[in-house]
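Subject: Structure handover

Hi,

Here is the structure I promised to pass on to you. Have a look at it first, and then read on for my notes.

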Amino acid sequence: MSVSGKASTVTNILLICGILYSLLNISTDIVASMSWEGYSYTDQAASELTAIGAPTRPFVVPLLVICQVLVIAFGIGVMRSAVKKRALRITGVLLVTFGVVGLASLFFPMNLPGTERSFTDTMHLVFGGVAVLLILLFIGFGSGARGKWFRLYSIATIVILLVFGALAGVQGPQAATGPVPWFGVIERMSYYSPMHWALVLAVVLLRD
């Protein structure tokens with residue numbers, strides 16, 4: 001195999017990491033939700049699955065570490081596939097940064113609702129805010145990766161992220177004390193949307 005052929009293979013493997021990141025992240029959330037007796041997927045936040053004292057934390061955290069490593073690898077793949085597209089190269093850098101921030105955030109889990117708030121709860125919110133900003137940036141810069149349809153899809157993703165994120169934010173104080181009807185679904189609409197976007201971007205770049 002030629003040097004260029006090997007480089008192309010490595011890039012493709014890194015791009016596939018974007019697909020694996022999305023599938024593993026969502027699957028981890030669903031499986032963990034099902035394994036915690038009494039947990040409500042529709043009414044409770046996804047971040048409760050990694051909260052201090054949550055029975056699912058030992059299962060979820062190692063898998064989320066793998067997810068963040070996968071998104072970092074995906075970001076590198078996006079940079080390698082950018083060629084002369086500066087915006088796509090920036091998208092890759094932002095994805096790598098997003099993965100690093102995601103790894104760091106795992107050191108600051110929230111406390112379970114109804115328990116005393118602490119410094120880790122504050123930092124959990126701070127890292128969440130930084131993550132949302134990075135998501136908006138990498139979707140914005142990456143929206144031009146493949147024609148008008150992908151740009152419109154990217155705009156729709158941002159709208160979903162902001163609308164459902166705002167709804168979750170309004171219900172956040174109440175959710176900090178216990179389950180809130182449909183809070184889990186609302187939060188996950190915002191939580192899943194950028195993962196789906198990353199998966200679609202990976203497929204687009206692999207086809208190219």
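At roughly what angle do the axes of helix 3 and helix 4 cross? Before the reply, one caution: this is a predicted model.

The helix 3 and helix 4 pair

The two axes cross at roughly 160 degrees, and they come within 8 Å. Since angles over 145 degrees count as roughly antiparallel, helix 3 is therefore roughly antiparallel to helix 4. The crossing of helix 3 and helix 4 is left-handed. On the helix 3 side, the contact is made by A87, I90, T91, L94, L95, T97, F98, V101, A104 and S105. Helix 4 brings F127, V130, A131, L134, I135, L137, F138, F141 and G142 to that contact. Sorted by class, the contact of helix 3 with helix 4 has 15 nonpolar residues and 4 polar ones, with no charged residues.

The nonpolar cores

The largest nonpolar core holds 50 residues, and those touching the most other members are Y21, F74, V78, F98, F138, F150 and L201. At least two residues of this core come from each of helix 1 (3–35), helix 2 (57–81), helix 3 (86–105), helix 4 (119–142), helix 5 (147–175) and helix 6 (183–207). Helix 6 gives the most, with 10 residues.

Setting aside neighbours within four places in sequence, V78 is in contact with L15, L88, T91, G92, L95, L201 and L205. Another core, of 6 residues, lies apart from the largest one, and its members include A45, A175, V180 and F183.

Two single residues

Is R188 buried or exposed? With a relative accessibility of 2%, R188 counts as buried, because the cut-off for buried is under 20%. R188 lies in helix 6. Its contacts, again leaving aside neighbours within four places in sequence, are D29, S33, Y39, Y41, Q44, A45, A46 and L49. One of these, A45, is also among the residues of the 6-residue core.

V93, found in helix 3, has a relative accessibility of 41% and so counts as partly exposed. The V93 and I72 C-alpha atoms are separated by 8.9 Å, with the two residues 21 apart along the chain.

Happy to talk any of this through.

Best wishes

Conventions:
Residues are numbered from 1 along each chain as its sequence is written. This is a predicted model: local features need pLDDT of at least 70, side-chain atom pairs count only at pLDDT 80 or more; totals for chains, interfaces and linings use all residues. Side-chain values use heavy atoms; hydrogens and water are left out. A nonpolar core is a set of buried Ala, Val, Leu, Ile, Met, Phe, Trp, Tyr and Cys residues joined through side-chain atoms within 4.5 Å. Buried means under 20% relative accessible area, exposed over 50%, partly exposed in between (1.4 Å probe, protein chains only). Helices (H or I, at least four residues) and strands (E, at least two) are DSSP runs, numbered from the N terminus. Contact means heavy atoms within 4.5 Å. Axes are lines fitted to C-alpha atoms, for helices over the stretch in contact, and angles run from 0 to 180 degrees between N-to-C directions. Angles under 35 degrees count as roughly parallel, over 145 as roughly antiparallel, 65 to 115 as roughly perpendicular and the rest as oblique. A crossing is left-handed if the near helix is turned anticlockwise from the far one by less than a right angle, and right-handed if clockwise. Ala, Val, Leu, Ile, Met, Phe, Trp, Tyr, Cys and Pro count as nonpolar, Asp, Glu, Lys and Arg as charged, and the others, Gly among them, as polar.
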